[in-house]
Amino acid sequence: MIIGAAESERIGTVPELSALQLHADAARRAVADAGLTMADVDGIASAGNSPIAVAHYLGITPTYVDGTMVGGCSYLLHVRHAAAAIAAGLADVVLITHGESGRSRVGAGPRYGDSSSPQGQFEAPYGTLGPPTMFPIGVLRFMKETGLTHEQLASVAVAQRRWSSQVPRAKFRELISVDDVLASPMIAYPMHLLECCVVTDGGGALVLTSADRARAVPGPQPPVFVLGTGEAAETPMVSMMEDFTSSKAFKLSSALAFAESGLAPSDVDHLMVYDAFAHLPIYGLEDLGFVGRGEAGAFVEEGHTSPGGRLPLNTNGGGLSYTHTGMYGMFLLLESVRQLRGEAPAQVPGVEVSLAQGVGGMFMAAGTVILGTPATVA
Amino acid sequence: MVTEATRKARPTPTPDSEVYWEGAQHGELRLQRCTACATAFFYPRSACPSCGSGDVKWFVSAGRGRLHTYVISHRAAPGFESQVPYAIAVVELDEGPRLLTNVVGVDNTPESLELDMALEVDFEPRGEQMVPVFRPATVPA
Ligand SMILES: [Zn+2]
């Protein structure tokens with residue numbers, strides 16, 4: 001279960017901290033949130049910076065280490081692995097950390113890979129320029145096959161701004177209209193600027209332990225239970241995905257999480273879907289089974305994912321409006337925890353079950369974590 | 001002289017892709033087919049991704065296919081400055097495999113690039129290396 005959770009003191013533009021410092025800042029705050037000290041931590045997981053670098057920086061000598069690095073959903077896989085490791089007795093208290101100087105690039109390392117990698121040989125020669133030019137490569141196909149409209153895609157950004165307008169720490173809080181989105185500069189047709197994520201600095205961390213330990217030594221925060229998890233990976237190159245209108249990794253990882261939890265989409269009160277770009281929640285809603293094929297665009301456009309809607313989605317404003325450090329997955333989990341604890345800035349009443357769906361790379365990998373309040377395991 | 005083509009990212013062949021890139025130098029789009037299960041595949045690999053057999057053979061693709069999906073980038077990668085905005089596209093070959101490419105010989109606009117339009121292979125330099133690109137088919141599909 002999750003007993004500690006925190007973001008770095010500041011997110012957004014934080015040029016005075018390196019990536020490693022952002023890991024450490026969030027880690028210290030999460031451990032304090034759990035009512036523990038670093039001496040209680042025996043397991044470490046992180047991505048970006050190595051878990052060993054993070055542990056040593058914090059003065060931890062871990063006996064459980066998870067360096068799973070599959071892009072932005074890595075932290076969701078860390079939760080899955082930590083829950084299994086704790087259940088198997090491999091670790092007592094696992095600290096999962098994220099820190100990234102995505103905007104200021106302080107201590108962040110080089111961005112691009114080498115020309116002999118699959119991407120270097122078979123994608124880069126065609127003028128690819130990172131995720132904005134490649135992640136949305138399937139969107140036109142999705143539109144042709146399902147009838148998704150440009151206006152519906154834009155409505156994803158509109159809905160999330162309705163949420164972030166209630167969130168003081170969000171990068172962007174001004175309400176926007178579909179027309180605003182469609183009038184914003186074209187980045188890579190069909191994606192406009194307001195359909196692409198923000199670029200920020202920030203950190204986040206989680207502390208997990210066993211139900212037994214939490215019962216023996218209750219912490220200051222209401223515990224959040226890991227009800228089910230899943231992970232999957234499809235392809236290192238988005239141009240090789242099997243179906244450009246659906247993520248095989250989303251489908252597989254979410255099916256595992258639903259099966260383990262014994263829950264169905266209709267049991268989920270609150271949903272987070274990794275949104276580096278506006279099409280991701282559309283794919284997520286359909287691939288996870290929240291709506292049928294071709295229905296996601298209208299579902300968002302009609303307001304069902306907005307404040308007051310029946311499926312609150314990306315309630316921090318998401319990567320489009322809240323923050324996006326590069327590997328945003330940690331922030332999905334932190335918002336799910338806040339909603340389940342009842343302490344979110346844009347709190348949804350009565351959230352008992354929250355699902356976080358992460359993506360890694362560009363439809364490369366996926367992680368799913370279903371979390372619940374104590375009432376869900378009573 | 002530093003031309004745009006020499007500034008574009010160029011592939012560095014690996015042992016599993018040498019035949020592919022050598023084919024491009026000769027104006028051939030070379031693919032692999034599995035002898036065991038008959039699956040044709042891209043990108044080059046030393047075993048079949050469908051059945052795992054190591055018995056895979058090279059063949060020359062007819063180079064014909066259809067425009068499966070694309071974006072039109074409004075930002076220029078190095079060497080693409082004079083082409084902005086330009087399409088980055090996925091072509092589905094008649095033999096089955098898909099590959100990323102550029103579309104040449106046609107305006108790179110949403111109006112001119114219709115999904116599923118017929119295309120045929122051509123080749124363009126990236127430095128000394130030729131790479132496959134696609135243009136509208138001259139013979140109707
Ligand atoms: Zn085979």
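How many residue pairs are in polar contact between chain B and chain A?

1. The model is a predicted one, and in it the count between chain B and chain A comes to 18 residue pairs in polar contact, both residues of each pair being at pLDDT 80 or more. Helix 2 (18–25), strand 4 (64–73), strand 5 (86–93), strand 6 (98–101) and strand 8 (129–136) of chain B each supply at least two residues of the side that touches chain A. The largest share of that side, seven residues, comes from strand 4 of chain B. Sorted by class, the side of chain B that touches chain A has 26 nonpolar, nine polar and five charged residues.

2. As for extent, the contact takes 33 residues from chain A and 40 residues from chain B. Between them the two chains bury about 3,000 Å², and 64% of this lies on carbon and sulfur atoms. In chain B, the residues that lose the most area to chain A are B:Tyr43, B:Arg75 and B:Leu100, which together account for 21% of what that side buries.

3. Strand pairing also crosses between the chains: strand 5 (residues 186–189) of chain A pairs with strand 4 of chain B in the antiparallel sense, over two bridges. Within this pairing, A:Tyr189 has B:Ile72 in strand 4 of chain B as its bridge partner.

4. A:Lys144 and B:Asp116 meet through their side chains in a salt bridge, at 2.7 Å from N to O.

5. Inside chain A, the side chains of A:Glu145 and A:Arg293 form a salt bridge with an N to O distance of 3.3 Å. A:Glu145 lies in helix 6 (residues 139–146) and A:Arg293 in the loop between helix 11 (279–287) and helix 12 (296–301) of chain A, so this pair ties together parts that are 148 residues apart in sequence. A:Glu145 counts as partly exposed at 39% relative accessibility, and A:Arg293 is likewise partly exposed, at 48%.

6. Within chain B, B:Glu92 and B:Arg98 meet in a salt bridge at 2.8 Å, N to O; B:Glu92 is partly exposed, with a relative accessible area of 31%, while B:Arg98 is buried, at 19%. A further salt bridge joins B:Arg126 to B:Glu124 at 2.9 Å, N to O, and here B:Arg126 is buried with a relative accessible area of 0%. Salt bridges that share partners also join A:Arg141, A:Lys144, A:Glu145, A:Arg293 and B:Asp116 into one network.

7. Is strand 10 of chain A buried or exposed? Eight of the eight residues of this strand (residues 353–360) are buried, so strand 10 is largely enclosed by the rest of the structure. Both of its faces are covered, with A:Val353, A:Leu355, A:Gln357 and A:Val359 buried on one side and A:Ser354, A:Ala356, A:Gly358 and A:Gly360 buried on the other.

8. The hairpin of strand 10 and strand 11 has four residues between the strands, and in it A:Gly361 takes a positive phi near 60°.

Conventions:
Residues are numbered from 1 along each chain as its sequence is written. Chains are lettered from A and ligands numbered from 1 in the order in which they are written. This is a predicted model: local features need pLDDT of at least 70, side-chain atom pairs count only at pLDDT 80 or more; totals for chains, interfaces and linings use all residues. Side-chain values use heavy atoms; hydrogens and water are left out. A salt bridge is a side-chain nitrogen of Lys or Arg within 4 Å of a carboxyl oxygen of Asp or Glu. Buried means under 20% relative accessible area, exposed over 50%, partly exposed in between (1.4 Å probe, protein chains only). Contact means heavy atoms within 4.5 Å. Buried area is the accessible area (1.4 Å probe) that two parts lose on being put together, summed over both. A polar contact is a pair of N or O atoms within 3.5 Å; within protein, one must be able to donate a hydrogen and the other to accept it, and residues adjacent in sequence count only if both atoms are side-chain atoms. Ala, Val, Leu, Ile, Met, Phe, Trp, Tyr, Cys and Pro count as nonpolar, Asp, Glu, Lys and Arg as charged, and the others, Gly among them, as polar. Two strands pair if DSSP finds at least two bridges between them.
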